[in-house]
Amino acid sequence: MVGPLRPQFVLFGSSIVQFSCSNGGWGAILADLYSRKADVVLRGYAGWNSRRALQVLEQVFPKDAAIQPSLVIVYFGGNDSMLPHSSGLGPHVPLPEYVENMRKIGKYLKSLSENIRIIFLTAPPVNEEQILENLRDIIPERNRTNESCKIYSDACLEVCRELDLKAVDMWTSIQKRKDWSTACFTDGIHFSAAASKIVAEEILKVLREADWEPSLHWKSLPTEFAESSPYDPPCGDGTTLNIADHSVAQALIQWGLSDN
């Protein structure tokens, strides 16, 4: 254990989570913005579906942990939505089972603590032609479609309404950008920096608007060791520049985020 104790934000999901700290990813954006406010912990597993998530759920989130996360952001659905393979192998999970798996994940996480907060991310859109061009060795057939992603995205939103969980509709929010199909992916599936910025902004919007006590929005959380110090850089008026405040401003500028 490293102190002082901070809120813990856990990102749990498949490749959209595992890769979220590279290429200007949304996980990196959150980690930067909360760098002196919360610990952002990555639990991402590329290629996984909701079945595999259930298999390790209690290992990733033990009920007897001394401290439970303040926030868990969950993403599964894109791999589940892939069309079934004739062999029966592969990541496809039938829609009714996917819904039940996400329901179980949500209920389990809620049972860990009355103070835990949960956000589900829905299946995002895909660029089908880009997938065929870039991932032909892995995905030789057109078995991941934008239509199927929409179906699983809607199902995830329905689970969130049922369990009173917060959600980010990635399928809709990413496609609000006019050039989303060419600007938002590195290979047709995984996010470019442009898509990650959209996702980060949507997550921050949820955190800002949620009526949670305490609030988990970055403006509401205290900055660790934020007091001014004579060791801070001196200013011309005899005062010093508080680096703790300056570092948050720099993060906002770096990622092109608004101050909200």
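Guide: Let's begin with a term: a cavity is a set of grid points where a 1.4 Å probe fits but cannot get out. One more thing to know is that this is a predicted model.

Visitor: Okay, and how much space lies in the largest cavity here?

Guide: The largest cavity holds about 40 Å³ of space. With a threshold of 30 Å³ or more, the count comes to one cavity.

Visitor: Which residues line the largest cavity?

Guide: The lining is made up of D32, L33, Y34, S35, R36, K37, S247 and V248.

Visitor: And which helices each supply at least two residues of that lining?

Guide: Those are α2, spanning 26-33, and α10, spanning 243-255.

Visitor: Switching topic: what order do the strands of the sheet have?

Guide: The sheet is open, has five strands and reads β2-β1-β3-β4-β5, with parallel pairing. At the edges sit β2 (39-44) and β5 (166-168), each of which pairs on one side only. From one strand to the next, the twist averages 20 degrees.

Visitor: What holds paired strands together in general?

Guide: Strands of a sheet pair through backbone hydrogen bonds, either parallel or antiparallel.

Visitor: Back to this one, then. How many bridges do β4 and β5 pair over?

Guide: Strand β4, residues 117-121, pairs with β5 over three bridges, in the parallel sense. As for a particular partner, F120 is bridged to A167 in β5.

Visitor: Which helix lies across β4 and β5, running at about 160 degrees to β4?

Guide: That's α6, residues 146-163. There is also helix α9 (residues 193-209), which lies across β3 (71-75), β4 and β5 and runs at about 160 degrees to β5.

Visitor: Now I've got my eye on Q68. Where is it?

Guide: Q68 is in the loop between α3 (50-60) and β3.

Visitor: Is Q68 buried or exposed?

Guide: Q68 is buried, because its relative accessible area is 15%, and buried means under 20%.

Visitor: Which residues is Q68 in contact with, leaving aside neighbours within four places in sequence?

Guide: On that basis, Q68 is in contact with P62, K63, L112 and S113.

Visitor: What does the side chain of Q68 reach at 3.4 Å?

Guide: At 3.4 Å, the Q68 side chain reaches the backbone oxygen of K63.

How values were computed: Residues are numbered from 1 along each chain as its sequence is written. This is a predicted model: local features need pLDDT of at least 70, side-chain atom pairs count only at pLDDT 80 or more; totals for chains, interfaces and linings use all residues. Side-chain values use heavy atoms; hydrogens and water are left out. Two strands pair if DSSP finds at least two bridges between them. Helices (H or I, at least four residues) and strands (E, at least two) are DSSP runs, numbered from the N terminus. Axes are lines fitted to C-alpha atoms, for helices over the stretch in contact, and angles run from 0 to 180 degrees between N-to-C directions. Contact means heavy atoms within 4.5 Å. Buried means under 20% relative accessible area, exposed over 50%, partly exposed in between (1.4 Å probe, protein chains only). A polar contact is a pair of N or O atoms within 3.5 Å; within protein, one must be able to donate a hydrogen and the other to accept it, and residues adjacent in sequence count only if both atoms are side-chain atoms. On a 1 Å grid over the protein atoms alone, a cavity is a set of points where a 1.4 Å probe fits but cannot get out, and a pocket is an open set with protein on both sides within 12 Å along at least five of seven lines; lining residues have an atom within 4 Å of a point. Grid points are joined across faces, edges and corners, and a volume is the space filled by probe spheres set on the points.
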